[in-house]
Amino acid sequence: MASSDRYFQNPGAAAQTVDAKRELLASLKRLAKLYPPVHTCSTGWSFGGLYSGPTSIAFLFYRLSQIYPNLEFHDQLLLEWAQAYLELGVRVHKRSPTPSHCGIGDEMLAHLTLGALVSEDTGKVRRLCSFAETVNSLEDDGSNEWLYGRAGYLYFLRLCHQTVFSKERHPSTAKNLEKTIKSTVDRILATPQPWVWHGKQYLGAAHGVISIVTQLVLSVPSTAFQLQPMVLKLLEHQFPSGNFPSSLPVGSDKLVQFCHGGPGFVISLRALLPYFPEIADRIKGAIDNAELDIWKRGLLTKEPCLCHGIAGNSLAFDDDERFLHFLSFIGSENIEKLKGNAPHDSDKAGLFTGEAGRAWCWAVADKGLPKTCIAYNDV
């Protein structure tokens, strides 16, 4: 029985038994059947970088190929599936990045980054880095958040540097990436406070301060010292419920989801915790309070995706039992009913909007991986 139009009551029982590996394969089968990697007008693909669309699915398969290097799905390795979905974007016109459109939702940067990783192409990395001149222009304030702004550009750079293009394997390329990461961090920090998106001071993981701080610190840990006062200020805005406001000035306490609210804060704060030892107790307390609220109000009626649904909220629980409890509601036996009741209309396949994101959660459960959010704090 629904507790509100936004969430349904958590029965609070022990987690249902779920076979994470079976659910992962079932999720991939739904992707391949309903959203196959083919060029057809009827597919209705929207191209949204790592957020939604075929490139986001390609990224899922790429990351899964690193976790399951020998797993074959429909007689193909996962990396081959990544290449097939990546091919869908080859003939798509991709707008050149700008200071306002350079985050993880940018199709050109996402396609370029994933292409570089799949083929280990240093030339594509050089091109990725070359966009810094435009992205970090001092003549355009642009955006600094994760989905559309410079913090997302930082994720692309860090992903390349911490996976394929390390100092050991590609020293000159790694040096170029490090230089570009530093210039992007410096540009973000040079932006007058407060950071805003579309004229509004957002706080959450999609467009807000916590996403920017997370990408800055994970990219250049030494920035943590100067960002500590900002983190403390963010913690002061926590609602008595444990949730966090989506923006300032503080409005209603109703959005309990990754993009706007407690789940995104918890996922971010847990990643930031090792870099802020002086305020570790404050951060842990905020995480604990937010988790209580997510447990109560986090079984959302929206599309059960990473961005604004149960899948993303499940990753806020470091405790395996609570994590699996939330995932049990998006297993094969429940998913169609839940999707059918979801009022939010979006790309049902994409990484942050649908099936691909759910597959990531099942892989995390199957392998017992840290509860990180792909394309956000997984590297």
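This is a predicted model: local features need pLDDT of at least 70, side-chain atom pairs count only at pLDDT 80 or more; totals for chains, interfaces and linings use all residues.
Numbering starts at 1 along each chain as its sequence is written, and side-chain values use heavy atoms, with hydrogens and water left out. Local features need pLDDT of at least 70 and side-chain atom pairs count only at pLDDT 80 or more, while totals for chains, interfaces and linings use all residues.

**Stop 1.** The structure holds 13 salt bridges (a side-chain nitrogen of Lys or Arg within 4 Å of a carboxyl oxygen of Asp or Glu). Select lysine 167 and glutamate 178: their closest N and O atoms are 3.7 Å apart. Lysine 167 sits in the loop between helix H7 (150-162) and helix H8 (171-190), and glutamate 178 in helix H8, so the bridge ties together parts eleven residues apart in sequence. Helices are DSSP runs (H or I, at least four residues), numbered from the N terminus. Glutamate 178 is partly exposed, at 28% relative accessible area (buried is under 20%, exposed over 50%, partly exposed in between; 1.4 Å probe, protein chains only).

**Stop 2.** Go to helix H10 (residues 224-236), where lysine 233 and glutamate 236 lie three residues apart, about one turn. Their salt bridge spans 3.5 Å, N to O. Lysine 233 is partly exposed at 47%; glutamate 236 is exposed at 52%.

**Stop 3.** Now select glutamate 303 and lysine 348, which form a salt bridge at 3.1 Å, N to O. This pair links distant parts of the chain, 45 residues apart: glutamate 303 is in the H12-H13 loop, lysine 348 in the H15-H16 loop. Glutamate 303 is buried, at 0%, and lysine 348 partly exposed, at 22%.

Key:
Helices (H or I, at least four residues) and strands (E, at least two) are DSSP runs, numbered from the N terminus.
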